[in-house]
Amino acid sequence: MNITIVGPGAIGSLWAIKLLQAGHNVSLWSRATDTTIDLSLDGQASLPFSNNNIEKLAASDLVIFTVKAWQVEEASISLLPYLDSDTILMFLHNGMGAVDKIATHINAHPVILATTTQAAFKPDRYRVSHTGLGQTQLGAFNQTGQQCTFLVDVLDNALPAVSWNPEIKTALWTKLAINCAINPLTGLEQIKNGALADQKFEGVLSSIIKELTQVMQAKGITCSFDELAASVKQVIQATAQNNSSMKQDMFYQRKTEVDFITGYLIKTALKHQIDVPVNQKLFAQVKEQENRWNQQD
Ligand code: PAF
């Protein structure tokens with residue numbers, strides 16, 4: 001397939017290399033002005049990718065957006081004029097709500113939502129480390145997206161395990177719950193994910209998860225406090241040595257994804273008239289820091 005990866009950060013670069021190695025024509029679209037970007041995975045020989053090539057973009061059968069949630073709108077709307085309506089758009093990022101915001105612009109395309117537990121790290125622009133094996137779930141955002149189940153085979157062949165989830169919203173909410181629990185705390189405290197296993201975080205984690213359970217149940221998602229708490233605990237253990245994306249963003253004083261993580265939870269809670277004070281407090285603390293950096297600029 002002709003595939004373009006928009007936003008080759010750690011996860012996007014990992015997919016780019018794996019899809020190229022599986023025999024696809026893969027190109028990149030990024031903020032960098034280079035026409036070619038060399039990427040190397042886990043110390044292997046570098047592979048050259050063309051970057052920001054409009055002809056390759058226009059010929060894409062599949063465009064995978066791995067930009068941050070807050071970049072989805074700008075990144076996708078600017079590229080749509082170059083794409084055929086049968087080009088499949090796939091979105092893979094933390095958080096929820098970003099694709100809903102652009103639904104009217106993209107609904108002519110088959111649209112796929114994805115979530116992954118693959119872990120990757122990019123120490124610099126050219127090197128990628130695959131730091132944890134995980135699973136990727138795909139599901140349809142719209143009706144034509146439902147005809148794209150064949151993508152499971154394409155992607156699974158390149159970077160297993162990939163599966164189709166007809167209830168992708170449930171998977172996205174579960175990942176949102178994990179991000180609400182881990183990201184603001186690790187960002188504010190500047191600690192690794194594993195540090196959240198300390199007893200001193202038990203109370204706050206339990207309150208975050210209680211609030212999430214209430215909101216998810218109000219949305220009609222089948223879940224229980226115990227199940228969510230177990231998922232959060234499992235991810236804290238499995239990624240104990242990792243620096244969460246929000247910890248890194250806050251360390252480098254970059255805009256975080258909090259609006260689409262805790263912010264999305266708060267918006268949904270408001271619609272259902274559910275109080276989420278603990279999540280609200282964490283949201284306000286992250287935003288306060290973001291605003292402080294903006295004022296410094
Ligand atoms: O955002 C992240 O860093 C990741 O989604 C997760 C699962 C919290 C692991 O670090």
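In this predicted model, the side chain of Ser245 places an N or O atom 2.6 Å from an oxygen atom of the ligand, a polar contact (a pair of N or O atoms within 3.5 Å). On its own the ligand has 290 Å² of accessible area, and the protein covers 84% of that (Shrake-Rupley method, 1.4 Å probe).

The residues around the ligand, each with a heavy atom within 4 Å of it, include Asn94, Ile182, Val235 and Ser244. By class, the shell holds six polar residues, two nonpolar and one charged. Helix 7 (residues 168-189) gives the largest share, four residues; helices here are DSSP runs of H or I, at least four residues.

Then there is the second largest pocket, with a volume of about 290 Å³. A pocket is an open set of points on a 1 Å grid over the protein atoms alone, where a 1.4 Å probe fits, with protein on both sides within 12 Å along at least five of seven lines; lining residues have an atom within 4 Å of a point. The volume is the space filled by probe spheres set on the points, joined across faces, edges and corners. Its lining counts 14 residues, and among the closest to the centre are Leu196, Glu202 and Lys233. Helix 9 supplies six of the lining residues, the largest share.

Numbering runs from 1 along each chain as its sequence is written. Local features need pLDDT of at least 70, side-chain atom pairs count only at pLDDT 80 or more, totals for chains, interfaces and linings use all residues, and side-chain values use heavy atoms, without hydrogens and water.

Terms used
A polar contact is a pair of N or O atoms within 3.5 Å; within protein, one must be able to donate a hydrogen and the other to accept it, and residues adjacent in sequence count only if both atoms are side-chain atoms. Helices (H or I, at least four residues) and strands (E, at least two) are DSSP runs, numbered from the N terminus. Ala, Val, Leu, Ile, Met, Phe, Trp, Tyr, Cys and Pro count as nonpolar, Asp, Glu, Lys and Arg as charged, and the others, Gly among them, as polar.
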